[in-house]
Amino acid sequence: MTWGNRSVLMEFVFLAYPSCPELGALSFLGVSLVYTLIISGNVLIVVAIQTEVRLHTPMYYFLGSLSGVEICYTAVVVPHILANILQSEKTITLLSCATQMVFFIGLGSTDCFLLAVMAYDRYVAICYPLRYPLIMTLTLCVRLVVASVVIGLVLSLQLVAFIFSLPFCQTRGIDHFFCDVPPVMRLVCASSHIHEQSVLVAATLAIAVPFLLITTSYSFIVAAVLKIHSAAGRHRAFSTCSAHLTVVLLQYGCCAFMYLRPSSSYSPKQDQFISLVYTLGTPLLNPLIYTLRNSEMKGAIGRVLTRSCLSQRN
């Protein structure tokens with residue numbers, strides 16, 4: 001498939017949106033509410049970490065970076081979903097579809113790598129507490145975050161360039177809400193086995209490799225914690241990891257289901273639901289999980305909200 005003017009202007013049609021106006025209005029209100037909560041929660045985390053000096057530590061720096069990525073990640077697709085709900089023609093050009101997929105997959109991959117970085121941070125904090133300030137310097141933290149973003153976007157760019165170099169069938173209907181890999185790959189008119197394997201390799205690098213790093217980090221953490229004689233000490237060590245582990249299981253469970261499987265198991269309705277979970281559910285739950293299970297974050301966010309209320313009254 002050539003990327004001439006005709007190909008770039010080619011349009012896909014999204015088929016997953018409700019046709020009933022009442023259901024469409026209800027969907028718009030629901031998605032708008034969830035999106036507002038996602039942006040508000042993650043912005044509060046970023047502001048709290050920036051303004052509270054006691055939170056200027058590597059763990060919270062990575063958490064703030066994760067929240068920043070979540071804001072961008074949802075902004076790639078959710079406003080477009082809201083616009084499509086209101087429009088009668090739910091179309092997207094081939095170039096716009098490719099661009100959306102690059103940033104959606106790239107930022108999703110960045111999420112996975114950041115979770116691996118956060119697991120490494122907990123490993124150093126628990127296994128080498130005395131050397132922690134010397135190892136986890138600000139320079140290293142910045143490099144790890146930048147590397148996560150760059151690797152995620154590079155992997156995504158290569159994957160999307162490969163997918164959109166393939167010939168598409170005459171059918172232009174995407175049975176989904178946005179341009180994700182599985183539904184777009186269903187429109188490819190070519191030998192599916194080789195292309196499916198190529199996508200699987202890219203997904204493995206973006207999902208399975210970070211998960212392996214997380215598993216390795218936590219195996220060392222568990223071994224170190226079990227050596228602590230005090231039950232209170234073990235509980236305190238595990239409590240610093242519980243929120244992160246909850247987010248990891250939620251994020252990787254959905255991603256693995258969507259991308260680390262053969263296309264023969266593709267089910268449009270099921271995949272649409274799962275995609276909504278990791279597009280809206282995970283970014284919404286991340287701030288809740290990290291704040292409800294962390295007294296420092298709850299206190300910092302409370303002070304941010306108090307200052308905001310006082311400034312509005314003045």
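C127 is partly exposed in this predicted model, with a relative accessible area of 23%.

The model holds one disulfide. Its partners are C97 and C179, with an S to S distance of 2.0 Å. A bond is assigned because the cut-off for a pair of cysteine sulfur atoms is 2.5 Å. The pair connects distant parts of the chain, 82 residues apart. C97 sits in helix α4, which covers residues 94-127, while C179 lies in the loop between β3 (173-174) and α7 (181-185). The torsion about the S-S bond of C97 and C179 is about -120°, and therefore the disulfide is left-handed. C97 is buried because its relative accessibility is 0%, and C179 is buried with a relative accessible area of 0%.

| Residue | Relative accessible area | Class |
|---|---|---|
| C97 | 0% | buried |
| C127 | 23% | partly exposed |
| C179 | 0% | buried |

Elsewhere, L138, V142, V146, V150 and V154 make a nonpolar surface patch of about 410 Å². One of these residues, V142, is found in helix α6 (residues 138-163). V142 counts as partly exposed because its relative accessibility is 34%. Patch residues need over 30%, so V142 at 34% qualifies on that point.

How values were computed:
Residues numbered from 1 in each chain as written. Predicted model: local features only at pLDDT ≥ 70, side-chain atom pairs only at ≥ 80, totals over all residues. Heavy atoms only, no water. Helix = DSSP H or I, 4+ residues; strand = E, 2+ residues; numbered from the N terminus. Buried < 20%, exposed > 50% of the residue type's maximum accessible area, 1.4 Å probe, protein only. Patch = residues over 30% accessible without salt bridge, like charges linked within 9 Å, V, L, I, M, F, W, Y side chains within 5 Å. Areas by Shrake-Rupley, 256 points an atom, 1.4 Å probe, with all protein chains shown as cover. Salt bridge = Lys/Arg side-chain N within 4 Å of Asp/Glu carboxyl O.
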